[in-house]
Amino acid sequence: MKIEKFEDIIAWQRSKELVILIYQYFAKSNDFGFRDQIQRAGVSIMNNIAEGFERRTNNEFRHFLFIAKGSCGEVRSMLYLAKELDKISENNFSKLFSLTEETSKILSGLIKTL
């Protein structure tokens, strides 16, 4: 299947789900620095996928996918902190963590095809 627009990319779809949940789960957090950073890292995943795709060259797309993958790791790292600092429930941690792992694996697979 040929991808015609970035919205068709499964990694972008998963990262959008991830960002929406991040915004929901941390909406009432008074730790503004932490909240803003995890939100920015999540948004970075989906935006780098979109920006790389729109560049229309495999080399640039690949470069932006690596950046998205790095941001995925940043979110995952911050989730550990959120859990340890009781900023998130175990259930919500598990949901977000699974989405970051899934997105990262999809990104790795996509990178290998380019």
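Are Phe 6 and Trp 12 buried or exposed? In this predicted model, Phe 6 is buried, and so is Trp 12; buried denotes under 20% relative accessible area, exposed over 50%, and partly exposed the range in between, with a 1.4 Å probe and protein chains only. Residues are numbered from 1 along each chain as its sequence is written, and side-chain values use heavy atoms, without hydrogens or water. Because the model is predicted, local features need pLDDT of at least 70 and side-chain atom pairs count only at pLDDT 80 or more, whereas totals for chains, interfaces and linings use all residues.

The structure holds six aromatic pairs. Rings of Phe, Tyr and Trp (its six-membered ring) pair if their centres lie within 6.5 Å; planes under 30 degrees apart are stacked, over 60 edge-to-face, and the rest tilted. The ring centres of Phe 6 and Trp 12 are 5.2 Å apart and their planes stand at 70 degrees, so this pair is edge-to-face. Tyr 80 and Phe 97 form an edge-to-face pair, with 5.5 Å centre to centre and 70 degrees between the planes. This pair links distant parts of the chain: Tyr 80 lies in helix H3 and Phe 97 in helix H4, 17 residues apart. Helices are DSSP runs (H or I, at least four residues), numbered from the N terminus. Tyr 80 is partly exposed, at 45% relative accessible area. Phe 97 has 14% relative accessibility and therefore counts as buried. Ring pairs join Tyr 80, Phe 93 and Phe 97 into a cluster.

Helix H2 (residues 32–54) packs with helix H3 (residues 58–84) at an angle of about 160 degrees, their axes 8 Å apart. Axes are lines fitted to C-alpha atoms, for helices over the stretch in contact; angles run from 0 to 180 degrees between N-to-C directions. H2 and H3 are therefore roughly antiparallel, a label for angles over 145 degrees. By class, the contact of H2 with H3 has 17 nonpolar, six polar and three charged residues. Ala, Val, Leu, Ile, Met, Phe, Trp, Tyr, Cys and Pro count as nonpolar, Asp, Glu, Lys and Arg as charged, and the others, Gly among them, as polar.

The axes of helix H1 (residues 10–25) and helix H4 (residues 90–113) come within 9 Å and cross at roughly 155 degrees. H1 is therefore roughly antiparallel to H4. Their contact has 10 nonpolar, four polar and four charged residues. Ser 15 is placed in helix H1. With 0% relative accessibility, Ser 15 counts as buried. Ser 15 touches Ile 45, Met 46, Ile 49 and Thr 103, leaving aside residues up to four places away in sequence; contact means heavy atoms within 4.5 Å.

Terms used. Helix = DSSP H or I, 4+ residues; strand = E, 2+ residues; numbered from the N terminus. Parallel < 35°, antiparallel > 145°, perpendicular 65-115°, else oblique.
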